[in-house]
Amino acid sequence: MQLTGWMEENGRLLDRVEIETFSVSRLSACGGEFLLETDECFIRDKYHIMPGNPQGKPIITADPNVPDLPLDEAIQTAVLLRASEDAVTTLSGGVDSSLVAALAGLPCIAVGLSGSHDLAAAQETAKILDLPLTVKEIGIADIRVALDEVLEIIPRVTPLDVEIAITGYFIAALAKETGAERILTGQAADELFGGYARYGRSADLRSDLAADFAGLFFQRERDAAAASHFGVWYSLPFMDERVVRASRTFSPDELVKGDLRKIALRSVAARHLPEEIAWRPKKAMQYGSGISSALAKIAKSEGCKGCRELIQKLCPDKV
């Protein structure tokens, strides 16, 4: 057997020797973030967190046999399973990454332009949580160099994908510099618990959340491309099956009420974080890091009206 990633059964991490004794049916009921090749087939984690393009054998998507847990216990279990010595947590100071950071207790990393919201919030949060933080300040020249590489490696090119991928590019580069192999993030919390402003106007919140959660596949492809460029990969506690199931036990009103969003998650976070962090308003990473405004300046300097026109100029074949 050849394993990429990690596997668990009933909340217990499995070692490679033990995995080799399991049948395919038992392996297919395991959780984790993995791509496993057996003599018969490939088995991959339920949400395809571990990137890869297996070919030549049947592919089985695992369906983890996990218990239904209260949300707090589900999140704690998911984070602790991923909190290994080869990992860091990316920290922006928002509730999602701060909760993961507090529970994992791992060294943290943060990237952004000098004076950006995310760098300031990450530094404040790391100090409050007494966690080590490595910061990388990036400049417009750095972003211009990264832009060319990102346009080459990401599978789908839109202004939003480019902005987020460039942020992820610098996060992955910094993780590699620290010697980490995995990066814990708060991804999927918005799609599970109702983090976006438009959810406050939703006529059918559950349907909108389900559609957005399904669409995370494309985000994972984008993020994995940037991470793989540096030989690291993302680990996603909120996409643990226990957390996904727990998120679906809440009514729409328990998730979103007008401008107040991710209520259920923030209520859990308030048990582990100071109130000012647990209820801190959301700020998208491309804005909080300063990447979006920097790309707008780069576009203007190259005679383009905005990021979209700049992308079309640089890679017309991918737009």
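**Inside the fold**

Author: D190 is in contact with D96, G195, Y196, Y199, L209, K262 and K282, leaving aside its neighbours within four places in sequence. Contact means heavy atoms within 4.5 Å. The model is a predicted one, where local features need pLDDT of at least 70, side-chain atom pairs count only at pLDDT 80 or more, and totals for chains, interfaces and linings use all residues. Residues are numbered from 1 along each chain as its sequence is written, and side-chain values use heavy atoms, with hydrogens and water left out.

D190 sits in helix α8. Helices (H or I, at least four residues) and strands (E, at least two) are DSSP runs, numbered from the N terminus. The relative accessible area of D190 is 7%, so D190 is buried. Buried means under 20%, exposed over 50%, and partly exposed in between, with a 1.4 Å probe and protein chains only.

Now the whole chain. It has 17 helices and 10 strands. Of its 319 residues, 53% are buried. Its C-alpha trace spans about 60 × 45 × 40 Å along the principal axes. A compact globule of 319 residues would have a radius of gyration near 20 Å, and the protein chain agrees, with 20 Å. That radius is taken over C-alpha atoms, and the globule rule is 2.2 Å times the number of residues to the power 0.38. Take the contacts between residues at least 6 apart in sequence: 66% of them join residues at least 24 apart.

L273 belongs to the loop between α13 (263–269) and α14 (275–278). Its relative accessible area is 5%, so L273 is buried. Residues up to four places away aside, L273 touches V95, S98, L99, A102, L129 and A278. L273 and L103 lie 170 residues apart in sequence, yet their C-alpha atoms are 9.6 Å apart.

Next, helix α10, residues 216–228. Its 13 residues should span 18 Å at 1.5 Å a residue, and the end C-alpha atoms agree, at 18 Å apart. The expected span is 1.5 Å times one less than the number of residues. The buried residues of α10 are L216, R220, R222, D223, A224, A225, A226 and A227. Their cover includes the helices α6 (140–153), α7 (159–177), α8 (189–193) and α9 (205–214), along with strand β10 (233–235).

A relative accessible area of 4% makes R222 buried. Beyond its neighbours within four places, R222 is in contact with I154, P155, D161, I164 and A165. From R222 to I153 the distance is 8.5 Å, C-alpha to C-alpha, across 69 residues of sequence.

On a 1 Å grid over the protein atoms alone, a cavity is a set of points where a 1.4 Å probe fits but cannot get out; a pocket is an open set with protein on both sides within 12 Å along at least five of seven lines; lining residues have an atom within 4 Å of a point. Points join across faces, edges and corners, and a volume is the space filled by probe spheres set on them.

Two cavities reach 30 Å³ or more. The largest cavity has a volume of about 130 Å³. It is lined by 18 residues, and the closest to its centre are G32, P64, M239, D240 and E241. β3 (31–37) and α11 (241–247) give two or more residues each. β3 has the largest share, with four. The lining divides into eight nonpolar, two polar and eight charged residues. Here Ala, Val, Leu, Ile, Met, Phe, Trp, Tyr, Cys and Pro count as nonpolar, Asp, Glu, Lys and Arg as charged, and the others, Gly among them, as polar.

The second largest cavity has a volume of about 80 Å³. This one brings us back to α10, which gives the most to the lining, with four residues. β10 also supplies at least two. The lining consists of I49, P51, Q187, R220, D223, A224, A227, W233, Y234 and L236. Seven of these are nonpolar, one is polar and two are charged.

Last, an open space. The second largest pocket has a volume of about 240 Å³. Of its 17 lining residues, G5, W6, S84, D86 and R182 are the closest to the centre. Strand β1 (residues 2–9) provides the largest share, five residues. Eight lining residues of this pocket are nonpolar, four polar and five charged.
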